[in-house]
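I opened my notebook to look up a few things in this structure, one entry at a time. Come along and check each place with me.

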Amino acid sequence: FIVEAAVAAQSVASLAALSEFLDFGKEESKPLLEKFLYAAAFSPRPSGELLHLVLDKLAGKQLAPETWEMGMVAVGSLVGKLCQQKLCGLQQEVERGVETILRGLRGAEEEREVVIYLLALGNALLPGTIPTLLEHAEEGPAAVTATAISALRRFPARHISSKVKRAMRRIFHEKRKSYERTCRLAAAEILLDNQPSPMDVVNILLATREMETETAKFLLLKVQNSLHSHHHPARWMMKDIMRDPQINNYDFFSKAGTSSSFSGPLTVTQDLLSTFGLDLLFLEGGFLRKSVSEFSLLSRGRRLRAAQVTFEAQGMESMMGETVSDGEEEPELMAGMSVTFFDVQLRPVVFFQGYTDLMAKVLLSSGEPTSMVRGNLLLMDHHQVIPLQSGLQVTIKLQGGLGLDISADVDVGIWEQELRTGINARGSLSMDFQAELDSPFLQATLRSQAELETSIHFDTTLRFSSSPVLMCLQLREEQVPYR
């Protein structure tokens with residue numbers, strides 16, 4: 001807790017104490033290093049000194065892979081937030097952070113390293129790195145392509161230029177080579193969500209006739225969601241397209257399949273819209289390929305991904321003797337999870353990779369869930385002095401802290417032929433507001449405190465002992481106390 005508080009303070013003394021205390025070379029220090037890097041990545045008002053400390057601790061040391069990965073993700077987040085403060089080009093540490101990511105990306109040889117550097121670029125959200133992301137999106141292997149497209153999806157619509165859209169069309173329509181289905185779907189979503197042309201929408205809809213049933217079903221549901229979302233920028237243009245009976249008919253939209261895509265509002269006020277979305281992409285044999293649950297906030301034209309949990313499983317069909325689709329490579333057996341929280345993408349966690357690793361996890365499983373992020377974060381830190389017409393001044397302070405624990409568990413029952421996953425998210429939010437009027441003849445203070453606790457559990461059970469595959473989904477939300 002003291003490490004997290006020292007990062008939040010960001011005074012010269014606290015950063016000096018952190019520099020002296022943290023030893024990135026010791027394996028037993030890993031839990032504390034994770035807390036430090038998480039707190040740094042989520043810092044609401046980071047300083048150049050904090051970025052300098054992170055870069056110095058990462059430079060030239062033999063680090064555990066998890067520590068290095070979280071460190072690079074934190075560097076990307078810090079660079080992005082400092083650039084939002086208009087410090088790009090003004091602080092040497094920011095330039096050093098950008099160069100560290102780009103130099104590492106150019107020299108990376110392993111696919112996992114490339115993915116981590118691309119995640120860092122996605123957190124930084126620098127428009128100048130878009131050409132680099134496009135190159136990896138078109139030319140990289142499936143995991144690299146998916147990560148690069150995911151990073152591009154996070155940019156505001158003004159940065160999704162005609163060049164970006166042309167690249168996404170080539171990926172979706174497979175003009176240069178074959179792409180994995182999740183990559184094609186992500187490219188289609190960029191085209192649909194960023195001021196699409198009527199021709200793009202029509203071509204995407206027509207392309208579903210040539211796709212596998214589940215992929216086509218998922219994409220058609222995405223389009224229908226856009227039509228029903230009052231805040232979607234292309235809603236009225238899509239409504240015009242749907243007046244064409246050759247497209248908007250029962251035969252076209254009545255695809256069989258179990259894949260689903262849902263998005264709907266949770267809270268609607270004059271200034272804020274909060275939404276919940278759940279995407280489930282299945283394979284033809286009934287296996288879950290990818291699930292995404294997302295909570296987003298939209299306000300004054302800006303979008304904040306408050307929480308996004310992605311679970312992916314691939315290669316499961318090969319265990320059952322099923323063949324992959326034409327044009328796709330045989331994927332390696334793998335299950336993993338990634339979390340984006342308050343627009344910061346954390347390092348992905350791999351539950352198992354390869355059949356040997358799966359069997360080892362099954363036989364040696366401790367039964368304990370894998371922690372994605374756990375700690376206390378300062379998310380809001382606002383200080384303002386307001387001059388009144390009377391000549392007096394009011395000082396306003398607003399701070400918001402969050403205690404967070406997100407964990408996931410994957411259990412493969414070979415004998416029962418079941419795959420069970422569980423995602424547990426627990427959080428407590430504390431807000432402290434203070435307004436103070438201080439003058440020689442009058443003193444007044446107004447203070448307000450609020451606390452909120454919540455817990456959400458998302459469980460899936462997949463039984464593949466018979467055909468068709470049976471699946472059970474359960475979303476549980478505990479009562480939310482508010483004080």
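**Entry: Thr208**

I started with Thr208, which I found in the loop between helix H12 (198-207) and helix H13 (213-228). The model I am reading is a predicted one. Is Thr208 buried or exposed? Its relative accessibility is 1%, so Thr208 counts as buried; the cut-off for buried is under 20%. I then asked which residues Thr208 touches, not counting those up to four places away in sequence. My list reads Ala216, Leu219, Leu220, Phe252 and Lys255.

**Entry: Thr213**

Next I looked up Thr213, and I found it in helix H13. Thr213 has a relative accessible area of 36%, so I wrote it down as partly exposed. Setting aside residues up to four places away in sequence, I noted that Thr213 touches Ala256, Gly257 and Glu284. How far apart are the C-alpha atoms of Thr213 and Glu284? They are separated by 7.1 Å, while the two residues are 71 residues apart along the chain.

**Entry: Ile190**

I turned to helix H11 and picked Ile190 there. With a relative accessible area of 1%, Ile190 is buried. Which residues is Ile190 in contact with, leaving aside its neighbours within four places in sequence? I found Ile149, Leu152, Arg153, Ile160 and Met168. I also checked Ile190 against Ala207, 17 residues apart along the chain, and their C-alpha atoms are separated by 16 Å.

**Entry: Lys163**

Lys163 sits in helix H10, which I have down as residues 162-172. Its relative accessible area is 47%, so Lys163 is partly exposed.

Leu125 has a phi near 50°, a positive value in a residue other than glycine. I found Leu125 in the loop between helix H7 (111-124) and helix H8 (130-139). Its relative accessibility of 27% is why Leu125 counts as partly exposed.

Gln195 is not a glycine either, and its phi is positive at about 45°. Where is Gln195? I found it in the loop between helix H11 (181-193) and H12. Gln195 has a relative accessible area of 58%, so I listed it as exposed; the cut-off for exposed is over 50%.

**Entry: cysteines**

How many disulfides does the structure hold? I counted one disulfide.

Cys83 has 15% relative accessibility, so it counts as buried. Cys88 comes to 37%, so it counts as partly exposed.

I looked at two further cysteines. Cys183 is buried, with a relative accessible area of 1%. Cys472 counts as partly exposed at 45% relative accessibility.

**Entry: the chain as a whole**

I finished by stepping back. How many helices and strands does the protein chain have? I noted 17 helices and 12 strands. The radius of gyration is 24 Å, close to the 23 Å that the globule rule gives for 483 residues, so the protein chain is as compact as a globular protein of that length. Along its principal axes, the C-alpha trace spans about 80 × 55 × 45 Å.

Of the 483 residues, 49% count as buried. I also looked at contacts with a separation of 6 or more, and residues 24 or more positions apart account for 59% of them. The accessible surface of the protein chain comes to about 24700 Å², and carbon and sulfur atoms hold 52% of that.

The protein chain has 48 positive and 60 negative charges, and their mean positions are 6 Å apart.

Conventions: Residues are numbered from 1 along each chain as its sequence is written. This is a predicted model: local features need pLDDT of at least 70, side-chain atom pairs count only at pLDDT 80 or more; totals for chains, interfaces and linings use all residues. Side-chain values use heavy atoms; hydrogens and water are left out. A disulfide is a pair of cysteine sulfur atoms within 2.5 Å. Buried means under 20% relative accessible area, exposed over 50%, partly exposed in between (1.4 Å probe, protein chains only). Helices (H or I, at least four residues) and strands (E, at least two) are DSSP runs, numbered from the N terminus. The radius of gyration is taken over C-alpha atoms; the globule rule is 2.2 Å times the number of residues to the power 0.38. Contact means heavy atoms within 4.5 Å. Accessible areas come from the Shrake-Rupley method with a 1.4 Å probe; for residues, only the protein chains shown count as cover. Lys and Arg count as positive and Asp and Glu as negative; His and the chain ends are not counted. The place of a charge is taken as NZ of Lys, CZ of Arg, CG of Asp or CD of Glu.
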